[in-house]
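Take a look at the sequence and the structure before reading on.

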Amino acid sequence: MNLWKSSIRIVIKVDRMKSSFFLLCLIIALNFSYAQNRTLEVCAKDCEFTSIQQAVDQAKAGDSIFIKKGVYKEHDIFINRKSLHLYGEKGSIIDIDHKGYGIKVEANDFSITDLTIKNVEVSYTSDYAAIYLFKCDNFKLKNITLKKAFFGFLIEKSSKGIIEENDISGIGQSEASSGNAIHLWNSKELEVRDNDVYNMRDGIYIEFGSNNVFENNTSHDNMRYGLHFMFSDDNRYSYNTFQNNSAGVAVMFSKRIQMNNNVFKKNWGTASYGLLLKEISDGEIYHNTFENNTTGITADGSTRINYYENDFINNGYAVKFIGGSYKNKFYKNNFLYNNFDLSYSGRLNNNSFDTNYWSDYTGYDLDNDNYGDVPYRPVKLFSYLVNETPESIILLRSLFVDIINFSEKVTPVFTPKNLTDQQPLMSEVQW
Amino acid sequence: MLKILKYSFFDLIRSRWSYVYFLFYLLLSSVLLFLNNDLSNAIITLLNVVIVLVPLIGTIFGVMYYYDSQEFTELLLAQPIKRKSIFLGQYLGVATSLSLSVLLGLGIPFALYGLFQSNVIFDFLILIVVAVFLSFIFSALAFNIALTNTNKIKGFGYAILVWLFLAVIYDGAFLIALIYFQEYPLDQFTLVATLFNPIDLSRILILLKLDISALLGYTGAIFKDFFGTIAGSLVSLGVLAVWVVLPLWRMLHVAKKKDF
Amino acid sequence: MVEFKDIQKKFGKNDVLTGINLKIQDGKTTAILGPNGSGKTTLIKILLGMCHSNKGDILVGNSTTKNNWSYRKNIDYLPQIANFPGNIKVKEIIAMIKDLRHQKTRDEELITYFELKPYLDTKLSHLSGGYKQKVNLVLSLMFDSPFVILDEPTSGLDPLSLIKLKDLLKKEQDNGKTILITSHIMSFVEEISDHISFILDGKVYFDGSIDELKSTTQETDFEYAIANLLKNDHA
């Protein structure tokens, strides 16, 4: 009744407007249909349904299906063009028993929440997923726990969905025998937030997608990347944590990616890095923390990217420029206690490294303007030599290397002449 | 021999230099742990110090002790004692007292800090094993130098030179060779070149145990493949042992022939 | 009996000993004399195995000294220059040597004899030359070995101590010990020794008793006899 009252109040308010009649009709229609919607209950005993698929088949658009506590051995549950709301409670488990997909959906305006799905079939030919969405708009996947997932959510040609507070994990042993936790293909305007994805191949994978937002996710212990962009322009990821993956984030062949306030840490291994940029352009990277990675950022053919107010702490290499990168700007970043601040191949190509704080800087500031009076050279001779002759890394931490680094610092001979920070900061940047 | 060892050892233990050496390590590792608050980081920094300083102190101290105790040695030579016992005893006295300084100097702060509950205990153990080996190797080299040079100034000069060669010059030549021959496959060469220098070998043995080994990349992987196996560990320990035994053998040989 | 057989020794190009043949008789006191640098100390060091001869052999009793160390158990040796490790005390070094040799000693007796008691707790580097020599004497004589080698035993000793040393040595002679000494104090040599071996140019130039020496050189005074040996050689 309250709903009616408020509707009428709104109606009176908008009465004078031209569209008032149309709105009235719409609201009445909405409330009418709501009143008609049912909630179908599924459980093992004493319920209307004992199988989810049966309930789905019987439900009408707009109905809800409450999957009560219990283990349901079902697979390939298919929701075909019906706006349904599936929800469970604590202990509602769908056990696919390694027989294909969990739930397949091709529909708009639906939601799946509060469920546990486990044992997705592993296959080398099909991308079996716990939940597979195809051409779905306006959906919500929330608070779903996936265990022993091959693929977690496989979402294709969809848009305007919310994927939040899910917990997705696999037990993959190798890259080939495992899939991605959240895999987006040709999808746009999705919001992926507050998910915890781990022990998969890629935590989150996105290909041919745009205007998606990834926020507050934790992606850790994945075999390949925590987050992986391919051919996806105009996306943003913020406030995520990428930890202990083979590589934190890989951004490849994409434009205008915004990356801010993420934490990349402990991505540590022979070929590991926090962030890999490959053939990308026009991005913003700010307020991120790169800590304890073998390499903080590897930039390979990345152009016009602004890096500012990031912290690089205790990495093997803070930043590695492999080549073909133009017009990148590093400013107001903190480089703290990295083994190598910068490894650089090729020409300078208009990349600039001015006004950063470098913990290795030993210059002075006589005029007290908080900029060091002596330029800082972020490329040490040893890192230059390692670039030229990779085997020479074996002299890491030997006295000889300390000596040549020091002499190069005093009188530079080998390292690129222009590669300097002309205005190194005297104190750390606060951001 | 054990008696000579005992007297040399206690003579050194009572000397000011042993205390300075011990206190230096004690202070260093305490400060590192206090500042770093992290056992593993402290071990990396100690690695740098150990591979430079242990050989240096080992050579200098060995040469110094030999020259200092020359008179006592002559006194002993007239006694009914085998020559071998005298020199072996003195050498072992120096090497063990040096090792003990390092062991206690580094060990006490780490133990107090909770080393035994931590998972870096093996990294630390390898650091200690390496430090002990280096002490033995470089005091053996020092005795060799001192025995063949009656002139003290010359002896000290050669001692510094040997240290400089193994700690710095060798690596320089190594690096030049790597750059010069970079067109060729260098894996075997790097491995062998590392094995031949006890300082490099020690450094790599510790590095491979630490997280920092990830920086070694592909080359590191080859080293890990080699040193990771039991055979590789045995070979590396064997090489270190050879570095002790060979100078020792020469020392005894020279001592036997020498006129006093 | 100790027998030197054709001992030759070079230091670099410098021929020090060019063929020493010498027998040292048991129970007698032999003095090895010769000008400075004639190789007296070297000869003793070869006997003790501290130096190696280039050629020749030494027999102590019936055994050779080469590659052998056990014969030294029966030898007491007083080195020429008493250099001791500086930072240990008198009683410590005595204890150390006793411990190393593990033989019966008479150190107490000698310490009292040389009046070293008050200095037992003094560090060796703080002792005067004379006292160092006394410690040296205690260290070398305390094992009571049948064969005693004294290289310049009188150096640094005051007249009173010198007399004490002579008395001690006479007592040792009475006990039938074999003694080998070198010294530059001719009166001391004359008083103590039965037998003189004079080394010159790396060879034994004269070997015989003091009386034989005097009669050979036709001098009545021992010191002049020695000087005569040298002079005649130069002539």
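## Two helices in chain B

At what angle do helix α6 and helix α7 of chain B pack, and how far apart are their axes? The model is predicted. In it, α6 (residues 121–148) and α7 (residues 152–180) of chain B pack at an angle of about 145°. Their axes are 9 Å apart. The crossing of α6(B) and α7(B) is right-handed.

Which residues make this contact? From α6(B) come B:Leu141, B:Ala142, B:Ile145 and B:Ala146. From α7(B) come B:Gly155, B:Tyr158, B:Ala159 and B:Val162. By class, seven residues in the contact of α6(B) with α7(B) are nonpolar and one is polar. No charged residues take part.

## Where chain C touches chain B

The contact between these chains takes 19 residues from chain C and 16 residues from chain B. On the side of chain C, two or more residues each come from α1 (40–48) and α2 (90–101). Which element gives the most to that side? The answer is α2(C), with five residues.

The side of chain C that touches chain B has 11 nonpolar residues. Three polar and five charged residues are there as well.

## A hairpin in chain C

Strand β9 (residues 195–200) and strand β10 (residues 203–209) of chain C pair in the antiparallel sense. The pairing runs over six bridges. C:Leu200 stands opposite C:Lys203 of β10(C).

Two residues lie between the strands of this hairpin. In the hairpin, C:Asp201 takes a positive phi near 50°.

Definitions and conventions
Residues numbered from 1 in each chain as written. Chains lettered and ligands numbered in written order. Predicted model: local features only at pLDDT ≥ 70, side-chain atom pairs only at ≥ 80, totals over all residues. Contact = placed C-beta atoms within 7 Å. Helix = DSSP H or I, 4+ residues; strand = E, 2+ residues; numbered from the N terminus. Nonpolar A, V, L, I, M, F, W, Y, C, P; charged D, E, K, R; others polar. Pairing = 2+ DSSP bridges. Axes fitted to C-alpha atoms, helices over the stretch in contact; angles between N-to-C directions. Left-handed = near helix turned anticlockwise from the far one by under 90°.
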